[in-house]
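Colleague: Could you walk me through this model, taking the features in turn and telling me how each of them is to be read?

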Amino acid sequence: MATAAPENDPVRILVADDSLVMRTLVELMLVKAGFRVFTAVNGQEAWELLQKVPIHLVVADICMPHLNGLELTRLIRADERLRPLPVVLMSAIDTDEERQQGLSCGASAFVMKERQDLAALPTRIGAILAFT
């Protein structure tokens, strides 16, 4: 559910990644930047959480079990209520094909799981949310 957060309510971000290390790293980085973070261990868990909790933006790994980031993005885009929700896809693989798959399924942005891309993630999320 893409809704504006009241000024005193932090922006709610859902981070979905099957890697505990990556999920925790992204969560800590986003919490430090002032976001409220929810986490999911796979795309299916993320999809179920999206049905219950109003979220402002999703950050999802492309490669996850039970529903990968591409499939999750397609479900979000197919759902009338969730369609406007920005989705940032993450990948450890940097190929044009991977980026094209992510963007063609409706992702708002694509980031690499490397230090400089992840360090810029809070700023990038802020820019995406400024246009929604």
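Modeller: Let us begin with the surface: accessible areas here come from the Shrake-Rupley method with a 1.4 Å probe, and for residues only the protein chains shown count as cover. The protein chain exposes about 6800 Å², of which carbon and sulfur atoms supply 55%. This is a predicted model, in which local features need pLDDT of at least 70 and side-chain atom pairs count only at pLDDT 80 or more, while totals for chains, interfaces and linings use all residues. Residues are numbered from 1 along each chain as its sequence is written, and side-chain values use heavy atoms, with hydrogens and water left out.

Colleague: What percentage of the residues of the protein chain count as buried?

Modeller: A residue is called buried under 20% relative accessible area, exposed over 50%, and partly exposed in between, with a 1.4 Å probe and protein chains only. By that reading, 47% of the 132 residues of the protein chain count as buried.

Colleague: How many helices and strands does the protein chain have, and which pattern do they follow along the sequence?

Modeller: Helices (H or I, at least four residues) and strands (E, at least two) are DSSP runs, numbered from the N terminus. The protein chain has 6 helices and 5 strands, and their order along the sequence is β-α-β-α-β-α-β-α-β-α-α. With a radius of gyration of 13 Å, close to the 14 Å that the globule rule gives for 132 residues, the protein chain is as compact as a globular protein of that length. That radius is taken over C-alpha atoms, and the rule is 2.2 Å times the number of residues to the power 0.38. Taken along the principal axes, the box filled by the C-alpha atoms is roughly 40 × 30 × 25 Å.

Colleague: Which residues have the most contacts inside the largest nonpolar core?

Modeller: A nonpolar core is a set of buried Ala, Val, Leu, Ile, Met, Phe, Trp, Tyr and Cys residues joined through side-chain atoms within 4.5 Å. The largest one has 26 residues, and those with the most contacts inside it are Leu14, Leu50, Ile55, Val58, Leu72, Ile76 and Leu89. Two or more residues each come from β1 (12-16), β2 (36-40), α2 (43-50), β3 (57-61), α3 (69-78), β4 (87-91) and β5 (109-112), and α2 gives the most, with 4 residues. A second, separate core of 19 residues includes Val15, Val111, Ile128 and Leu129.

Colleague: What does leucine 14 touch?

Modeller: Contact means heavy atoms within 4.5 Å. Not counting residues up to four places away in sequence, leucine 14 touches Phe38, Thr39, Ala40, Ala46, Leu49, Leu50, Ile55, Leu57, Val58 and Val59.

Colleague: How should I read the sides of a helix, and which residues of α2 are buried?

Modeller: One looks at the arc, which is that of the directions from the helix axis to the C-beta atoms. In α2 the buried residues are Gly43, Ala46, Trp47, Leu49 and Leu50; they cover an arc of only 165° around the axis, which puts them on the same side of α2. Their cover includes β1, β2, β3 and α3. At the start of α2, a side-chain oxygen of asparagine 42 reaches to within 3.0 Å of the backbone nitrogen of glutamine 44.

Colleague: Which residues of helix α6 are buried, and which exposed residues does the face turned away from them carry?

Modeller: The buried residues of α6 (residues 121-130) are Leu121, Pro122, Ile125, Ile128 and Leu129; they cover an arc of only 120° around the axis, which puts them on the same side of α6. The face turned away from that buried side carries the exposed residues Thr123 and Ala130. Arginine 124 also lies in α6, and at 36% relative accessibility this residue counts as partly exposed. Leaving aside neighbours within four places in sequence, arginine 124 is in contact with Ala109, Phe110 and Val111.

Colleague: Is aspartate 17 buried or exposed, and which side chain does aspartate 17 join in a polar contact?

Modeller: A polar contact is a pair of N or O atoms within 3.5 Å; within protein, one must be able to donate a hydrogen and the other to accept it, and residues adjacent in sequence count only if both atoms are side-chain atoms. Aspartate 17, in the loop between β1 and α1, is buried, with a relative accessible area of 0%. A polar contact of 2.9 Å joins its side chain to that of lysine 113.
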